[in-house]
Amino acid sequence: MEFRHLGRSGLMVSEISYGNWITHGSQVEEDAAFACVRAALDVGITTFDTADVYAGTRAEDVLGRALEGERREGLEIFTKVYWPTGPGRNDRGLSRKHIMESINGSLRRLRTDYVDLYQAHRYDHSTPLEETMEAFADVVHSGKALYIGVSEWKASEIREAHRLARELRIPLVSNQPQYSMLWRVIESEVVPTSEELGIGQIVWSPIAQGVLSGKYLPGQPPPAGSRATDEKSGAGFISRFMTDEVLTRVQRLKPLAEQAGLSMAQLAVAWVLQNPNVSSAIVGASRPEQVHDNVKAAGVKLDAELLKAIDEIIDPIIERDPARTESPAERP
């Protein structure tokens with residue numbers, strides 16, 4: 001495993017991090033979840049990402065139990081706050097009330113005294129940013145989180161939050177956006193701003209919900225049990241990529257992956273890691289062998305000719321519009 005600084009902070013994270021967005025507590029049984037976490041630890045992954053909303057808070061609980069007994073100083077545990085975690089009108093958003101209650105709930109479920117990174121899961125247009133950042137400052141100053149991050153924030157929102165974080169003397173060090181060969185909306189605005197401010201990207205969906213693994217074939221139904229068939233969690237997110245044009249062009253990447261000595265999934269993960277502003281790529285798994293496969297992308301260097309060939313194949317289907325980075329206009 002290779003390691004990188006999280007932005008310009010002193011915190012080192014594994015290039016491949018393990019996330020349990022739609023697996024733990026919902027998609028896979030607990031024994032399988034524990035086996036995947038054990039596989040991640042065995043291959044050298046030290047960075048684990050979750051959120052209070054995943055599986056209705058159950059994902060944090062599963063991860064906490066899976067990591068119990070591990071040396072805490074050897075792990076980087078990340079979680080998030082914003083999406084609803086209860087029925088009340090204050091059980092959501094980035095108000096001071098919700099942040100303070102949510103960090104305590106997350107720490108209890110994760111069975112830890114602190115998280116290494118506490119992230120705003122979206123921008124809250126219903127709460128003054130000053131209120132949100134002051135609450136985060138209190139979380140940091142109380143020792144419940146070491147660093148602060150955001151997820152899917154626009155460049156202008158990141159810049160203003162960073163300014164307030166400097167005033168409040170707290171380290172805002174990361175952004176967690178969707179990023180893959182097919183989804184590059186952060187490249188024109190978010191990445192340049194982040195590079196200027198010393199903020200690193202912890203990217204999710206580097207394999208485009210599994211599409212870049214090549215397992216979905218044009219003109220054919222998705223494999224049974226795959227994310228595209230799971231209406232409760234994965235199907236809605238993957239649907240944007242499930243067109244014959246996208247799937248046909250993705251299949252044309254297979255010879256390039258073979259040329260590089262990689263599986264298609266490994267090529268996809270390695271591709272996002274070529275961006276120097278990316279600190280870590282989050283991978284999920286429902287089986288331990290998926291962890292073992294994806295981790296082989298760590299430390300891989302892709303040459304300029306290969307990167308050019310990839311772009312020539314998929315250029316017509318790449319989403320680059322920075323406006324696709326957005327948060328709900330109102331609290332969910």
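## Aromatic pairs and core

Tyr 118 and Phe 136 are both buried, a term that stands for under 20% relative accessible area, with exposed meaning over 50% and partly exposed in between (1.4 Å probe, protein chains only). This is a predicted model, in which local features need pLDDT of at least 70 and side-chain atom pairs count only at pLDDT 80 or more, while totals for chains, interfaces and linings use all residues. Residues are numbered from 1 along each chain as its sequence is written, and side-chain values use heavy atoms, with hydrogens and water left out.

The structure holds 7 aromatic pairs, where rings of Phe, Tyr and Trp (its six-membered ring) pair if their centres lie within 6.5 Å, and planes under 30 degrees apart count as stacked, over 60 as edge-to-face and the rest as tilted. Two of these pairs are listed here.

| Pair | Centres apart | Angle of planes | Class |
|---|---|---|---|
| Tyr 82 and Trp 83 | 5.0 Å | 85 degrees | edge-to-face |
| Tyr 118 and Phe 136 | 5.8 Å | 90 degrees | edge-to-face |

Tyr 82 is buried at a relative accessible area of 0%, whereas Trp 83, at 22%, is partly exposed.
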